[in-house]
Amino acid sequence: MNYQEALDFLYPLHRFGMKPGLERADALLEIFGMPHRRLGTIVHIAGTNGKGTTASALAAMFQAAGKKTALYTSPHLVDFTERMRIDGQPISADRVAAYCSVMKERVVEVQATFFEATTALAFAWFADEQVEVTVIETGMGGRLDATNVVKSDYAVITSIGRDHTAWLGTTPAMIAREKAAIINPDSRVFTAVTDSEALEEIARAAELNGVPLFRLEKDAVPSVEGAEPGTLQFSLSTAAVHYRSLSAPLTGAFHASNLSLAVVVAEDAGIGEDAVRRGLRNLLKTGYRARLEKIGTMPDVFLDVSHNADGMRETAAAISVFRHRYRAMHVLIGLASDKEAALVIRHLLPLDAGFSAVTIPSERSIPASELAALMKNEGVDPLVFDTPLEGFRQMLAEADPRDMILVTGSFFLAGEILRRKAVRQA
């Protein structure tokens with residue numbers, strides 16, 4: 001099996017959808033010799049928003065401290081290999097093909113999902129490379145997520161919001177209960193969650209497992225010093241250190257919470273201040289992308305993967321700080337069908353933008369025409385395009401150099417724009 005054959009095998013596994021449960025992941029890991037037990041120090045991260053930021057920041061800090069560090073995130077933007085990295089470098093195409101060849105028969109036998117097969121592949125590679133630290137982002141939820149086969153040293157819960165409600169529940173408590181199930185008797189638990197219902201569930205899970213719970217804002221206090229496009233500066237006071245003027249190449253003050261959470265976990269793991277600072281500065285070298293990332297100029301183009309109401313609220317708040325610098329703003333948006341589309345749109349309305357609706361390249365996409373109808377119900381009259389590239393090129397052609405373009409709503413949409421390289425580089 002070569003790389004293309006491996007992808008042709010993996011991608012159709014989406015037909016099995018999302019199947020909560022760990023038995024299929026266990027069956028795949030068995031043929032690789034249970035690699036999830038050989039991943040070094042394990043940091044397992046769950047949360048509605050902020051998982052990717054926290055995971056990438058932690059990986060960058062461990063790496064800066066000289067630890068051989070694995071990072072597992074999802075989804076990818078352009079190429080499948082982005083999902084699994086060691087010291088910032090993605091897995092090779094040949095290794096993907098080799099691992100797929102080994103597990104193909106078992107995948108078919110147990111009808112494993114795409115995410116389960118990908119998780120087994122990643123853990124096998126990490127173990128074979130004898131990593132010292134593994135930072136793992138859950139796919140969805142926690143309790144029955146394929147990544148929950150690991151026994152983590154650190155269980156990190158970034159935020160609780162409404163997303164995947166059909167699977168996780170409709171209240172903060174129900175969603176938090178699912179995500180807090182990554183906690184085990186060997187975990188040290190860290191969270192930035194502030195909602196009282198959700199926090200109560202996390203605290204209960206920590207207590208039941210007999211492990212300590214660390215809360216951002218209570219046990220460590222972050223403070224934003226400055227937030228410009230592409231630069232965030234903040235301070236953080238912990239029991240041990242007062243970190244002054246920490247800097248990361250990100251857009252939006254809302255990132256300070258996730259970065260601070262990563263810092264306190266790193267500090268607890270023995271990472272020194274110098275490695276913390278270098279890791280944050282080098283965050284983008286982990287493969288982290290498209291979180292209000294500026295990818296083009298004249299007009300300025302920002303790429304964002306916010307895809308639920310809570311995430312879009314933070315995105316809109318971050319943009320509102322510098323919106324006045326632009327003559328006009330244009331938003332290209334595509335959403336999946338399991339999102340609260342009307343609420344997502346509402347958060348963008350105060351930005352006084354022109355909108356274009358597109359169909360994202362996913363079987364779960366809201367068709368552009370349906371998204372446009374939802375937007376009209378919110379008082380917006382968008383342009384409608386069947387493909388992201390068509391909509392983006394039209395927007396780019398009509399925008400003034402003094403304008404701003406925001407591409408948002410989906411990893412699939414962001415990936416399509418990056419894949420086509422359809423923009424003047426920033």
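**Exercise 1. Describe how helix α4 packs against helix α5 in this predicted model.**

Solution. Start with the handedness: α4 passes α5 in a right-handed crossing. Next take the geometry. The axes of α4 (residues 93-110) and α5 (residues 114-128) come within 10 Å and cross at roughly 130 degrees. That angle makes α4 oblique to α5, because angles over 145 degrees would be needed for roughly antiparallel and 65 to 115 for roughly perpendicular.

Then list the residues. From α4, the contact uses Arg-95, Val-96, Tyr-99, Cys-100, Met-103 and Val-107; from α5, it uses Ala-117, Ala-120, Leu-121, Ala-124, Trp-125 and Asp-128. Sorted by class, the contact has 10 nonpolar and 2 charged residues, and no polar ones.

**Exercise 2. Determine whether strand β13 is buried or exposed, and which residues lie on each side.**

Solution. Count first: 5 of the 5 residues of β13 (residues 300-304) are buried, so the strand is largely enclosed by the rest of the structure. Now separate the faces. In a regular strand, side chains alternate between the two faces of the sheet. In β13, one side carries Asp-300, Phe-302 and Asp-304, and the other carries Val-301 and Leu-303. Residues on both sides are buried, so both faces are covered.

**Exercise 3. Identify the strands that pair with β13 and give their directions.**

Solution. Strand β12 (residues 291-296) is joined to β13 by 4 bridges, and the two run antiparallel. Within this pair, Lys-294 stands opposite Phe-302. Strand β17 (residues 404-408) is also joined to β13 by 4 bridges, but here the strands run parallel. The bridge partner of Leu-303 in β17 is Val-407.

Now look at the turn. The hairpin of β12 and β13 has 3 residues between the strands, and Met-298 takes a positive phi near 50 degrees there. Met-298 is joined to Pro-299 by a cis peptide bond with omega about 5 degrees. Pro-299 lies in the loop between β12 and β13.

Note on methods. Residues numbered from 1 in each chain as written. Predicted model: local features only at pLDDT ≥ 70, side-chain atom pairs only at ≥ 80, totals over all residues. Heavy atoms only, no water. Axes fitted to C-alpha atoms, helices over the stretch in contact; angles between N-to-C directions. Parallel < 35°, antiparallel > 145°, perpendicular 65-115°, else oblique. Left-handed = near helix turned anticlockwise from the far one by under 90°. Contact = heavy atoms within 4.5 Å. Nonpolar A, V, L, I, M, F, W, Y, C, P; charged D, E, K, R; others polar. Buried < 20%, exposed > 50% of the residue type's maximum accessible area, 1.4 Å probe, protein only. Pairing = 2+ DSSP bridges.
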